[in-house]
Amino acid sequence: QADDIHEVNQNLVINWRDDVIPLLDLGCFFETCSQPRTTGYIIIVEVEGKNRGFLSDDIAGIREIVVKKLDPIVGQPNGILGSTILGDGRVILILDPTTIVTSNPVTGVRNE
């Protein structure tokens with residue numbers, strides 16, 4: 001619900017299992033939206049012992065897939081691990097949660 005999301009120090013967070021989890025709007029990370037959303041689905045991931053929530057429009061489901069590296073001509077876009085081809089022939093990109101979580105949410109630059 002929208003009222004579950006709060007703003008702390010100009011960052012979105014959610015209180016989940018007695019923990020405050022920072023949220024990252026995937027649309028903003030991939031620069032496909034003009035402002036962060038306050039509704040949708042939240043996907044909680046744990047990377048390097050820390051939880052982070054990803055805001056998304058939808059969850060398509062769970063599938064077993066084979067991840068293929070992107071062609072070198074495409075390069076390695078920040079936050080994308082690879083791709084896969086679905087049974088109906090559609091190609092989908094696979095997110096890299098580690099890169100997304102360790103990147104600066106504003107600039108998308110990986111923090112080393």
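Mentor: Asn 15 stands opposite Val 20 in β3. Before going on, note that this is a predicted model, in which local features need pLDDT of at least 70 and side-chain atom pairs count only at pLDDT 80 or more, while totals for chains, interfaces and linings use all residues. Residues are numbered from 1 along each chain as its sequence is written, and side-chain values use heavy atoms, with hydrogens and water left out.

Strands here are DSSP runs of E with at least two residues, helices are runs of H or I with at least four residues, and both are numbered from the N terminus. Two strands pair if DSSP finds at least two bridges between them.

Strand β2 covers residues 11–16 and strand β1 residues 5–8; four bridges join them in the antiparallel sense. Across this pairing, Val 13 in β2 has His 6 opposite. The two strands form a hairpin with two residues between them, and Asn 9 in the turn has a positive phi of about 50 degrees.

On to the next pairing: β2 is also antiparallel to strand β3 (residues 19–25), again over four bridges. This is where Asn 15 and Val 20 face each other. The hairpin of β2 and β3 has two residues between the strands, and Arg 17 takes a positive phi near 50 degrees.

As for the whole chain, the elements run β-β-β-α-β-β-β-β-α from the N terminus on, with two helices and seven strands. The C-alpha atoms fill a box of roughly 40 × 30 × 30 Å, taken along the principal axes.
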